[in-house]
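Good morning, and thank you for making time for this item. I shall present one structure and comment on its helices, its charged pairs and its surface.

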Amino acid sequence: MRGFRKGTGFASGRALARALSWQEFKVSRIENGRQNASEGDIRVWCRATRARCRSR
């Protein structure tokens, strides 16, 4: 997840959190594996970072 973020111009988790209207700690926890991302979280993250996401 961090790779998607960094590869698309979000230099920090803080910047991505602002873009997604999330709390900074949520981005940090997901990137560091301390929180599982829901399917919805992953879709939003992928849209924001323009990463390819496969749907079921």
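Let me begin with a definition: contact means heavy atoms within 4.5 Å. Helices (H or I, at least four residues) and strands (E, at least two) are DSSP runs, numbered from the N terminus. The model is a predicted one, in which local features need pLDDT of at least 70 and side-chain atom pairs count only at pLDDT 80 or more, while totals for chains, interfaces and linings use all residues. Residues are numbered from 1 along each chain as its sequence is written, and side-chain values use heavy atoms, with hydrogens and water left out.

I turn to helix 4. Its buried residues include Asp 41, Trp 45, Cys 46 and Thr 49, where buried means under 20% relative accessible area, exposed over 50%, and partly exposed in between (1.4 Å probe, protein chains only). Viewed down the axis of helix 4, the buried residues fall within an arc of 130°, so they line one face of the helix; the arc is that of the directions from the helix axis to the C-beta atoms. Helix 1, helix 2 and helix 3 are among what covers them. Just after helix 4, Arg 50 has a positive phi of about 60°.

Which residues of helix 2 are buried? In helix 2 they are Gly 13, Leu 16, Ala 17 and Leu 20. These fall within an arc of 100° seen down the axis of helix 2, so they too line one face of the helix. Their cover includes helix 1, helix 3 and helix 4. Helix 2 is followed by Ser 21, with a positive phi near 60°. Most residues other than glycine have a negative phi. Ser 21 sits in the loop between helix 2 (13-20) and helix 3 (24-31), and Ser 21 is exposed, at 68% relative accessible area.

Asp 41 counts as buried at 12% relative accessibility, and Lys 26, in helix 3, is buried at 19%. Their side chains are joined by a polar contact of 3.0 Å. A polar contact is a pair of N or O atoms within 3.5 Å; within protein, one must be able to donate a hydrogen and the other to accept it, and residues adjacent in sequence count only if both atoms are side-chain atoms. Leaving aside neighbours within four places in sequence, Asp 41 is also in contact with Trp 22 and Ile 30, and Lys 26 with Gln 35.

The whole structure holds five salt bridges, each a side-chain nitrogen of Lys or Arg within 4 Å of a carboxyl oxygen of Asp or Glu. One of them joins Arg 2 and Glu 31 at 3.3 Å, N to O. Arg 2 lies in helix 1 and Glu 31 in helix 3, so this pair ties together parts that are 29 residues apart in sequence. Another salt bridge pairs Arg 14 with Glu 24, with the closest N and O atoms 3.1 Å apart. Here Arg 14 in helix 2 is linked to Glu 24 in helix 3, ten residues apart. Within helix 4, Arg 43 and Glu 39 lie four residues apart, about one turn of the helix, and their side chains meet in a salt bridge of 2.6 Å, N to O.
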